[in-house]
Structures are given as structure tokens and as C-alpha cells.
Amino acid sequence: MFFDLTDDWGPEKVVTIHDRRLGYQGALVLDNTARGMGKGGTRMSPTVQVEDVMRLARVMTWKWAAVDLFYGGAKAGIRADPTRPDKEAVVRSFARRLSDHVPHEYVFGLDMGLTENDAAVINDELGTRGAAVGTPYELGGVPYDQLGITGFGVAEAADEAARRLGLQGTRVAIQGFGAVGQAAAQRMDALGYSVVAVSTAEGSLADVKGMDVATLVEHRRRVGDGFISDFPEYLVPHGSELFTEAEILIPAAVENVLDSSNVDRIRAVLVVEAANLPVETHAQQMLFEQGVTVVPDFLANAGGVIGAAYAMDARHSPFRLDPEAIFEKVREKLRTNVAACLDMSQESGITPHEAGRTAARGRILSAMRIRDGKSE
């Protein structure tokens, strides 16, 4: 089954781990390192599959090339419950078992189920600040989840696309209100948009008149995802936030929430993929044919990889990075890349996903040819 997911781009290496004593499984996938060593987040979930990690590693391949930064696509996954009481032991074991590959082939990063403290544990286990990024600020890291860098970038990408479509200041629905969705909501609010729907694993809220984002954030800070129950006047069926009356939709939760069975129900004319792979491939084409613009995940949520690139560069430095420099680079890179992608899509009559991947493929192919000793 693994071999069915391979092609000329990768993956170059798949490493699987099974720790019978601790009762977890894991995988590291190095997809394509033609433009640099493998870099991508590590997720921890009881449902992680090797195939999932392979697909996410491929997303990272396109993402690094699409934003034109010199790292390669990679991803790691731990099949275990991140709430288990011995989580630290699992993280330490996983890092130790990958020590032949870290940090010269792969550097750990944050993804679903892993926190800044887990990144610190990895560095402690392997005895180097170079093994993981996303560590706490107190340890010299760039806490991009805490800073909300990815969500900030999503909003900048959304605003650039909205500017081109004449949608600035309109209504936005956001599925997911975690680190990415919340930061995106705050930035969209600051940019003058009306946030009309949000959701967590606990439920969904919607009001077409708009909600007070600062109040939602404060309630979530106090009680977590359960803050949804603090607003009974806004409660709607879970999942219906995707189909709220809004011009812009930002799916910021999980994969494949929009597919051919439900995509015709969305009201939005602009979809900005904050999560990885939230719109199934066939649904992307359907939306394109319906005149709905979709900003691809590997462009829209690339603020996180830009933050990670800064963190990679600063792993061994005694000096702290200036967060404002990161935000400015995220703003510049994402707006430029979104504009170029949508221009190519319009000029070539292909979906924005195809346009973005075309540009990324060209960069990777050039690097692969050079590394193979072949001329252009």
C-alpha cells in the first residue's frame, strides 16, 4: 500500500517505529529533500496512519517550494493519545528512536497533539537545541503557535485574495478555533471583517450579524473548547458553520471537510484553506467550475513554515528573534505568493491548487536536475 503512494517526487524515505513497551507506533517520512533537509511538524493522535504522514509530507514539499524557502518536505506522526499521562515518555522514546535521522535529516516541529513543551522535551532528550523548533520562548524558541503566526498568515492570504475579488470587509466563517483559527479570526477582525461563525470539537456558533471576537477569545482562554456553551444564543448544529451565510470560509480544523457530497452547500465565494487538505481534490475542481476561489493550504497556512524557517536559523543562536520581523516577512511572502498563484490560475484556466503546484514543481524539478548532475 505504501508503494502505491510513491511517485517521481518521493517519498525518499519512510521510517516506522513500534514501541511495544510503551504501546505506540510512529513514522517519519522524508518526502523530497532536493531543495534542503526535511522539515515538517510532528503530530500525535490515536488515529495517525503512515499513509496520512506520507500525504502530509507531500504537502510540506509543495509548501516549502511554493513559498520559495530552502527546506524539503517531511512529516512525522505518533500514533498515541496526546492526553495519556505518560506522554513525555512516549515523546522521549520517539525522539530517541529517530536519533539516527535527527537533526541532520529532519528537525521536529509542532503539529496537532504536540506542544512547545514537547519540543523542549525532544531537545532535552537528544541533547541539542537543534532537534526541534517551536520550543518555549523561555528557552530561546519562536513560539509560533503562541504568537499566532500561522493564523496571522491565513488572514493576510485571505485579505489579499479578498482584495482581488472585491470582498474586503465582508463576512467570514471559520471552522476551528484553535491556535490557527483563533489567530486568523483575530487578524480578520482587525482587518475589518465580520466573523459570523466559529467552531471547536465541542460545537459551533454562528450569527450572520457578526460576533465579538475578543469576547470569544477571552472565554476560550478561560474554559477551552467548551466556551461554545457560554453562548447558547449562537449555538447551531455542529458542522453547519461550513455552510453559514458568509462570503469567505476558512476551514481551519481537519482534513477533507469539504467533498463532492457537500461542497455545493457552501455559501462562500472564497475559501481559504487554513487546515491541511480540508478540501478534497474533486471538490476543488467543482468549486473552480462554480466560480469559487480556493486559496490552497500550502500557500494560505505557510505562515507557520516561515516562522519555522526563522526558528531553524536561530536554533543555536544566543539572540532572540524579533517577532515583528517574522510577521512582516509572513505578510510580504503570503500576499505575493497568493497574488501570483491566482494570476496563474486565471491566465491558465486551472485551479489555484494546480497553479501553485506548477510553480512549486518547477522549483523542485530544477533542484532535482542539478543534484542529479543534469543541465536544465
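## Basis

The model is predicted, with local features needing pLDDT of at least 70 and side-chain atom pairs counting only at pLDDT 80 or more, while totals for chains, interfaces and linings use all residues. Residues are numbered from 1 along each chain as its sequence is written, and side-chain values use heavy atoms, without hydrogens or water.

## Helix 5 and helix 11

Helix 5 (residues 149–165) packs against helix 11 (residues 323–348) at an angle of about 40°, and their axes are 9 Å apart. Helices are DSSP runs of H or I with at least four residues, strands are runs of E with at least two, and both are numbered from the N terminus. Axes are lines fitted to C-alpha atoms, for helices over the stretch in contact, with angles from 0 to 180 degrees between N-to-C directions. The two helices are therefore oblique to each other; angles under 35 degrees count as roughly parallel, over 145 as roughly antiparallel, 65 to 115 as roughly perpendicular and the rest as oblique.

Contact (heavy atoms within 4.5 Å) involves residues including Phe152, Ala157 and Arg164 of helix 5 and Phe327, Leu334 and Asp343 of helix 11. By class, this contact has twelve nonpolar, one polar and seven charged residues. Ala, Val, Leu, Ile, Met, Phe, Trp, Tyr, Cys and Pro count as nonpolar, Asp, Glu, Lys and Arg as charged, and the others, Gly among them, as polar.

## Helix 2 and helix 3

The axes of helix 2 (residues 87–97) and helix 3 (residues 116–126) come within 9 Å, crossing at roughly 50°. This pair is therefore also oblique. Among the contacting residues are Val91 and Arg92 of helix 2 and Val121 and Glu125 of helix 3. The contact comprises five nonpolar, no polar and seven charged residues.

## Second largest pocket

The second largest pocket has a volume of about 540 Å³. Its lining holds 24 residues, with Arg55, Arg58, Val59, Trp62 and Leu277 nearest the centre. On a 1 Å grid over the protein atoms alone, a pocket is an open set of points with protein on both sides within 12 Å along at least five of seven lines, a cavity is a set where a 1.4 Å probe fits but cannot get out, and lining residues have an atom within 4 Å of a point. Grid points are joined across faces, edges and corners, and volume is the space filled by probe spheres set on them.

Helix 1 gives the most to this lining, with five residues. The lining divides into ten nonpolar, four polar and ten charged residues.

## Cavity

One cavity of 30 Å³ or more is present. The largest cavity holds about 40 Å³ of space, and its lining includes Asn32, Arg35, Tyr71 and Ile364. Helix 1 and strand 5 (72–79) are the elements that give two or more residues to this lining.
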